[in-house]
Amino acid sequence: MASDDHDERGFFGERSLPQPKRDTEPEKPHYLGHRERLRARFSASGGDALADYELLELLLFRLIPRADTKPVAKALLARFGTLAEMLGAPVNLLQEVKGVGPAVALDLKIIAASATRMARGEISGREVLSSWNQVLDYCRAAMAFEEREQFRILFLDKKNVLIADEVQQTGTVDHTPVYPREVIKRALELSATAVILVHNHPSGDPTPSRADIDMTKTIIDIARPLGIAVHDHIIIGKKGFASMKGLLLI
């Protein structure tokens, strides 16, 4: 009998207790399916098939990997208006939008710099006057959303091919000091035979001021005897541009 008791205790001791049932797999966050669907739409139809906020969502997927990025994308566009204005915004203003920290703001500026570099590539090594729309696209990408005025010079060779693209001066929200003799000095250093002058108006209105016109005429007067042509002075605003040559101001 003692032997039987021992065997019975051993039998029950070896039996495992029933385990509580567990869910086979944790539920996936709702935004993962949305991300997959949005990527599929982009893959099938390209960016033109997506709204601006959806394209921005695609950018934010990798920058914010573990959150719903739709509210962030919509908040960024509500704050800045357009994709271009958002990418042109300074880091400190981007960070004012809920969900955008320092790392995300910096990544957005890297994307903006890449877009500007791509636009510059469209005019590098080309005859600039025959690629005028690309010149304007590049200038708008580079300057339209800057908070301070910049004075940029495109230096061209005798075939009107871009030699250099330089920001000569950066000023305040409504003024940039320009020194005409420094413009011509730099053109001579680069052996440029023509220049295109460009500056931005952070106010958004690209209408040339009286000071803009007078300064441009002074540069033309100094450049002409040295065989350097001033093809145009373009003023860039958030919503458009003005060409002094097109307006018959020079």
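1. Which helix supplies the largest share of the lining of the largest pocket? That share, six residues, comes from α7. The structure is a predicted model, in which local features need pLDDT of at least 70, side-chain atom pairs count only at pLDDT 80 or more, and totals for chains, interfaces and linings use all residues. Residues are numbered from 1 along each chain as its sequence is written, and side-chain values use heavy atoms, with hydrogens and water left out.

2. The largest pocket has a volume of about 450 Å³. Of its 18 lining residues, Leu-87, Ala-112, Ala-115, Thr-116 and Ala-141 are the closest to its centre. A pocket is an open set of points on a 1 Å grid over the protein atoms alone, where a 1.4 Å probe fits, with protein on both sides within 12 Å along at least five of seven lines; lining residues have an atom within 4 Å of a point. Grid points are joined across faces, edges and corners, and the volume is the space filled by probe spheres set on the points.

3. At least two residues of the lining of the largest pocket come from each of α5 (83-88), α7 (102-121) and α8 (132-143). Helices (H or I, at least four residues) and strands (E, at least two) are DSSP runs, numbered from the N terminus. By residue class, this lining divides into twelve nonpolar, two polar and four charged. Ala, Val, Leu, Ile, Met, Phe, Trp, Tyr, Cys and Pro count as nonpolar, Asp, Glu, Lys and Arg as charged, and the others, Gly among them, as polar.

4. The second largest pocket holds about 190 Å³ of space. Its lining has 13 residues, and those nearest its centre are His-175, Thr-176, Ser-209, Ala-211 and Asp-212. Helix α10 (residues 210-223) gives the most to this lining, with three residues. The lining of the second largest pocket comprises four nonpolar, six polar and three charged residues.

5. Helix α3 (residues 52-63) has twelve residues, which at 1.5 Å a residue should span 16 Å, and its end C-alpha atoms are 17 Å apart, in agreement. The expected span is 1.5 Å times one less than the number of residues. The buried residues of α3 are Glu-54, Leu-56, Glu-57, Leu-58, Leu-60 and Phe-61. Buried means under 20% relative accessible area, exposed over 50%, and partly exposed in between (1.4 Å probe, protein chains only).

6. Phe-61 belongs to helix α3 and counts as buried because its relative accessible area is 3%. The C-alpha atoms of Phe-61 and Arg-35 lie 7.6 Å apart, although the two residues are 26 apart in sequence.

7. The charged end of Lys-74 sits over the ring of Tyr-53, 4.7 Å from the ring centre. The criterion is NZ of Lys or CZ of Arg within 6 Å of the ring centre and within 35 degrees of the ring normal. Aromatic pairs, by contrast, number zero in a search of the whole structure. Such a pair requires rings of Phe, Tyr or Trp (its six-membered ring) with centres within 6.5 Å; planes under 30 degrees apart count as stacked, over 60 as edge-to-face and the rest as tilted.

8. Most residues other than glycine have a negative phi. Asn-160 has phi near 60 degrees and lies in the loop between β1 (150-156) and β2 (162-170); at 16% relative accessible area, Asn-160 is therefore buried. Ser-191 has phi near 55 degrees and lies in the loop between α9 (180-189) and β3 (194-200); with a relative accessibility of 57%, Ser-191 is therefore exposed.

9. Further C-alpha separations link other parts of the chain. Leu-197 is in strand β3 and is buried, at 0% relative accessibility; its C-alpha atom is 9.8 Å from that of Ile-219, 22 residues away along the chain. Leu-129, in the loop between α7 and α8, is partly exposed at 38% relative accessible area.

10. Arg-148 is found in the loop between α8 and β1. With a relative accessible area of 48%, Arg-148 is partly exposed. Arg-148 and His-201 are 53 residues apart in sequence, and their C-alpha atoms are 7.9 Å apart in space.
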